[in-house]
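Subject: Structure handover

Hello,

Please look it over first, then read the notes below.

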Amino acid sequence: MRAQVTLTVAEAKRIIAKAIATLPEVKQALENGRILLKGGTTVSAVAEELSGITLRISGRVSPRGTKTGRHDGSAHSILLEKGVPRNIDDCFAEAVSTLGPSDVAIIGANAIDASGRAAIMLGRPLGGEPGKGLAGLMAQGCKIIIACGLEKLIPGSVDEAVRCSGIKATDWSMGMAVGLVPLVGRIVTEKEALEIIARVKCTVIGKGGISGAEGSTTMVVEGEPEEVEKAVRAVLAVKGTGTSGSPASLLECEAGSEGCRVHQSCAWKQGKKGVLEWYVK
């Protein structure tokens with residue numbers, strides 16, 4: 001049996017979160033170990049599934065560029081120890097050092113390529129507190145899951161993107177200039193998510209749309225009727241859902257915000273009355 005489904009970007013994040021929550025290694029770590037969740041909208045959706053907590057959203061890409069959000073006092077990253085959440089915003093690297101082979105780290109990405117490579121944007125010097133722990137995370141030996149929708153698929157290679165980006169290598173930027181840090185782990189997109197939720201094969205047949213479906217993914221789902229039905233019901237269950245994250249943190253920064261002290265090359269700092277201007281030192 002075949003069924004055709006479409007997921008918006010926000011809906012895809014929810015499907016990814018639901019699929020990750022069902023993985024055996026995640027269930028085991030939730031009950032007996034540790035799960036580290038590095039904040040982002042997709043990972044916040046995972047946090048909701050696992051603990052009922054929405055995370056603070058820091059960096060994001062909006063129509064105004066690469067921006068950050070308002071600090072509302074909620075946690076950006078958490079560590080679940082046997083299901084009990086702990087804010088690790090001030091000790092991310094220390095929390096990474098506690099992870100072992102039976103533990104799981106779940107992080108998002110800003111770019112994935114056709115070769116299965118992934119990378120995350122960092123806009124603060126050394127990537128802020130999380131940036132200090134990312135290299136260690138890759139070496140720690142824990143299970144790493146990269147929760148990332150297909151809207152992040154880039155046409156070139158992640159290696160090329162890493163080489164041409166850089167916080168201090170960019171002279172003018174719509175929002176903070178960012179660099180990219182490579183990530184290694186199991187990538188779960190909406191395609192893999194449906195294949196986790198049901199015993200089906202998913203084939204992406206289209207990308208994009210209008211009227212809120214910009215960046216959406218259209219797929220054909222194939223399998224036994226009961227499995228296809230299971231996948232379709234999962235899609236229907238997330239229809240109309242919005243972006244996860246603490247509401248106040250979804251409001252993005254303005255000129256004069258706290259981050260302006262450390263963010264590089266942001267053209268909004270020089271803009272007058274909210275209008276971008278070409279300005280290079």
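A disulfide is a pair of cysteine sulfur atoms within 2.5 Å. By that cut-off, the structure holds zero disulfides.

Two points on the source. This is a predicted model, in which local features need pLDDT of at least 70, side-chain atom pairs count only at pLDDT 80 or more, and totals for chains, interfaces and linings use all residues. Residues are numbered from 1 along each chain as its sequence is written, and side-chain values use heavy atoms, with hydrogens and water left out.

Cysteines

Cys-142 is buried at 10% relative accessibility. (Buried means under 20% relative accessible area, exposed over 50%, partly exposed in between, with a 1.4 Å probe and protein chains only.) For Cys-253, the closest cysteine sulfur is in Cys-260, at 6.4 Å, again too far for a bond. Cys-253 has a relative accessible area of 12% and is buried.

Cavity

The terms come before the numbers here. On a 1 Å grid over the protein atoms alone, a cavity is a set of points where a 1.4 Å probe fits but cannot get out; lining residues have an atom within 4 Å of a point. Grid points are joined across faces, edges and corners, and a volume is the space filled by probe spheres set on the points.

One cavity of 30 Å³ or more is counted. The largest cavity holds about 90 Å³ of space. It is lined by 14 residues, and those closest to its centre are Lys-67, Cys-253, Cys-260, His-263 and Cys-266. The lining has five nonpolar, six polar and three charged residues. (Ala, Val, Leu, Ile, Met, Phe, Trp, Tyr, Cys and Pro count as nonpolar; Asp, Glu, Lys and Arg as charged; the others, Gly among them, as polar.)

His-263 sits in the segment after helix H8 (225-238). Its relative accessibility is 8%, so His-263 counts as buried. Beyond its neighbours within four places in sequence, His-263 contacts Thr-68, Gly-123, Arg-124, Met-176 and Lys-269. (Contact means heavy atoms within 4.5 Å.)

Helices (H or I, at least four residues) and strands (E, at least two) are DSSP runs, numbered from the N terminus. Two strands pair if DSSP finds at least two bridges between them.

Strand E9 (residues 118-122) is joined to E11 by five bridges. Ala-119 has Pro-182 in E11 as its bridge partner.

Gly-127 is in the loop between E9 and H5. With 11% relative accessibility, Gly-127 is buried. Gly-127 and Gly-179 are 52 residues apart in sequence, yet 8.8 Å apart in space, C-alpha to C-alpha.

Helix H5 (residues 128-139) has these buried residues: Gly-128, Pro-130, Gly-131, Gly-133, Leu-134 and Leu-137. They pack against helix H4 (92-97), strand E7 (104-108), E9 and strand E10 (143-147). Just after H5, Gly-141 has a positive phi of about 95°.

Strand E14

Thr-218 belongs to strand E14 (residues 217-222). Thr-218 is buried, with a relative accessible area of 14%. Not counting residues up to four places away in sequence, Thr-218 touches Gln-4, Val-5, Thr-6, Thr-203, Val-204, Ile-205 and Gly-206.

Best regards

Conventions:
1 Å grid on protein atoms, 1.4 Å probe; cavity = no way out; pocket = protein on both sides within 12 Å on 5 of 7 lines; lining within 4 Å.
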